[in-house]
Amino acid sequence: MKSWKLVSGILSIVLTFFVLLQSCAAGVSNSLQNNGEVGGSAGVIVAIALLAGGITSVATRKGGRGGNIAAAVIYGIGALLGFTMAGSYTDLTIWAGWCLICAALAIAALVRKQ
């Protein structure tokens, strides 16, 4: 699990920049269309969750239960917001799916440690 936490953390940190770029474009599109969707704003929050979860995963890959709990909560919040607030920004569901996978594996690492 140590190597998975390192790889998923680095991947999450790298994906943050792609999600942020797409979210800004989706937010501008939502503003110009005046359609009332919040997919761009939700994407920024998911990007922040990806960054925070990635840093947590990398920093606590050798640690105990607290790091796994924190990563699961952060990724879980990102997944929840991404799935519920995506709207027409359909790529956000992909990034929310990645958050969900990382949250599930953080929970698996937590259960496995016990």
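Predicted model: local features only at pLDDT ≥ 70, side-chain atom pairs only at ≥ 80, totals over all residues.
Residues are numbered from 1 along each chain as its sequence is written, and side-chain values use heavy atoms, with hydrogens and water left out. Local features need pLDDT of at least 70 and side-chain atom pairs count only at pLDDT 80 or more, whereas totals for chains, interfaces and linings use all residues.

The chain contains four helices and zero strands, in the order α-α-α-α along the sequence. Helices (H or I, at least four residues) and strands (E, at least two) are DSSP runs, numbered from the N terminus. Along the principal axes, the C-alpha atoms occupy a box of roughly 50 × 20 × 15 Å. Of the 114 residues, 38% are buried, where buried means under 20% relative accessible area, exposed over 50% and partly exposed in between (1.4 Å probe, protein chains only). Contact is defined as heavy atoms within 4.5 Å. Among contacts between residues at least 6 apart in sequence, 72% join residues at least 24 apart.

Helix α3 spans residues 65–84 and has 20 residues. From its first C-alpha to its last, α3 reaches 28 Å, close to the 28 Å expected at 1.5 Å a residue; the expected span is 1.5 Å times one less than the number of residues. The buried residues of α3 are Gly 67, Asn 68, Ala 71, Ala 72, Tyr 75, Gly 78, Ala 79 and Gly 82. They lie on the same side of α3 because they cover an arc of only 135° around the axis, the arc being that of the directions from the helix axis to the C-beta atoms. An α-helix has 3.6 residues a turn, so residues three or four places apart point the same way. Exposed residues Gly 66, Leu 80 and Thr 84 are on the face of α3 turned away from its buried side.

A nonpolar core is a set of buried Ala, Val, Leu, Ile, Met, Phe, Trp, Tyr and Cys residues joined through side-chain atoms within 4.5 Å. The largest has 20 residues, of which Leu 50, Tyr 75, Leu 92 and Trp 95 touch the most other members. At least two residues of this core come from each of α1 (2–33), α2 (39–59), α3 and α4 (91–113), and α4 gives the most, with seven. Beyond its neighbours within four places in sequence, Leu 50 is in contact with Ser 12, Leu 15, Thr 16, Val 19, Tyr 75, Trp 98 and Cys 99.

The structure holds zero disulfides, a disulfide being a pair of cysteine sulfur atoms within 2.5 Å. The sulfur of Cys 99 is 6.8 Å from its closest cysteine sulfur, in Cys 102, which is too far for a bond. Cys 99 is buried, at 0% relative accessible area, and Cys 102 is buried at 4%.
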